[in-house]
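This briefing concerns aromatic rings and the charges placed over them. Please consult the sequence and structure shown here.

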Amino acid sequence: MTVTRFAPSPTGYLHIGNLRTALFNWLIARKAGGTFILRLDDTDPERSRPEYADAIKEDLEWLGLTWDRVETQSARLDRYAETADRLRGMGRLYEAFETPQELEIKRRKQLNMGRPPVYDRAALALSEDERAALQQERGPGAWRFRLDHARIEWEDMILGPVSIDAASVSDPVLIRADGQVLYTLASVVDDTDMGVTHVVRGSDHVTNTATQIQIMAALGHGHPAFAHHSLLTGAQGEALSKRLGTLSLRDLRAQGVEPMALLSHMARLGSADPIELRHGHDELIEGFDIARFGAAPTKFDAADLIPLTHRLLAAAPLAAVADDVRAAGVPDDLAPAFWEVIRENVDTRADIGPWWTVLREGARPEIDPEDAEFVREALALLPEPPYGPEAWGDWTARVQEKTGRKGKKLFMPLRKALTGRARGPEMAAFMPLMQARPKL
């Protein structure tokens, strides 16, 4: 049974980088007919908030990324404590008392000497008396896992063969001095207890993966299959990490991005396959292959989501937008014709209402100075609504006959006068829906 998990911390809103991880894990589970776990990594009691946990679920539901069960790390603290005791008994977990300032001094000294900034394991050399004295002076210390200084290797589903020398990595802190269990330990316990078979996460976790593989081995467990996807950059290759807070999923939703447009984009972005608009989750699942993704930084531009949203809406039946059409005030009997006329001219659902406003109340004409007299003459020839199916052809023919204008010089000023826009629906279909003349 394939088991994957998405493990966000409920300390903020989901952003586009989180979505990549969630989507890949969801797709792997669904393609294999397996289990997808939503695991809330809420071991930080000060920063974790119930409202963020609720927002995470809301965002995933908006995207249709449903989970099979929810787990919370705060409910599993006893399991982490049991595992920590076991590691202590094996001599693999030791207490260290350095302050952040002392660690920074050590780090700078090592860098100045041209050495990697790796923890020097000074705590392992402490005598019982020295340890007791530090505990008395400073209180509890942080608990570090003692790595075996050997190469850690695995076959990554995206990166290929990975080999890391554990001697080049600091012994990771698993429990802070204040008692908070950190991700490295909690994730190991959860992944083994829950039978997780595949873990997909960002390439910034590669070192974490190496240390977690050793912790799992020390506890007598094998490890899941790992995949480390590339990190996102901005459209020009700039670092995106500082902007992720402005690329939350709820912000993209507020901008009118459609769920399937977003998922279609993210399910292919950074892969060897072209981005293609999908119209359902089954299509996403069928077309997904984790091996097609590369390790190079991946450019993301939120502006690319609007054309996909436009294409999705243009192909959508009335039933998919019925609530939005009704909310705009369109009568039910006119809704089918209205949607058929405007569907190719909406980028997001927010564009639906303004088109009905134009039809119901009349547009404020957009008139170029050189066309002012021409438009005045043309509107004098425009009868009062309602208009029949031949209204546009009849009116433009009369205007052409009176003014002598032809082609674009005839039709564009008239379109802009009736709709207030240079682009829009076919006027022959649009005009019969008009309920008011332009506002002059």
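**Aromatic contacts in the predicted model**

At 41% relative accessibility, Y13 counts as partly exposed, a class that falls between buried (under 20% relative accessible area) and exposed (over 50%), using a 1.4 Å probe and protein chains only. The model is predicted, so local features need pLDDT of at least 70 and side-chain atom pairs pLDDT 80 or more, whereas totals for chains, interfaces and linings use all residues. Residues are numbered from 1 along each chain as its sequence is written, and side-chain values use heavy atoms, without hydrogens and water.

**Ring pairs**

- Rings of Phe, Tyr and Trp (its six-membered ring) pair if their centres lie within 6.5 Å; planes under 30 degrees apart are stacked, over 60 edge-to-face and the rest tilted.
- The count by this rule is nine aromatic pairs.
- Y13 and Y52 form an edge-to-face pair, because their ring centres are 5.2 Å apart and their planes stand at 85°.
- Y52 is partly exposed, at 22% relative accessibility.
- F24 and F293 are a tilted pair, with centres 4.7 Å apart and planes at 55°.
- Both F24 and F293 are buried.
- F24, F288 and F293 make up one aromatic cluster.

**Charges over rings**

- A charge sits over a ring if NZ of Lys or CZ of Arg is within 6 Å of the ring centre and within 35 degrees of the ring normal.
- R405 lies over the face of F374, 4.2 Å from the ring centre.
- The charged end of R421 is over the ring of W355, at 3.9 Å from its centre.
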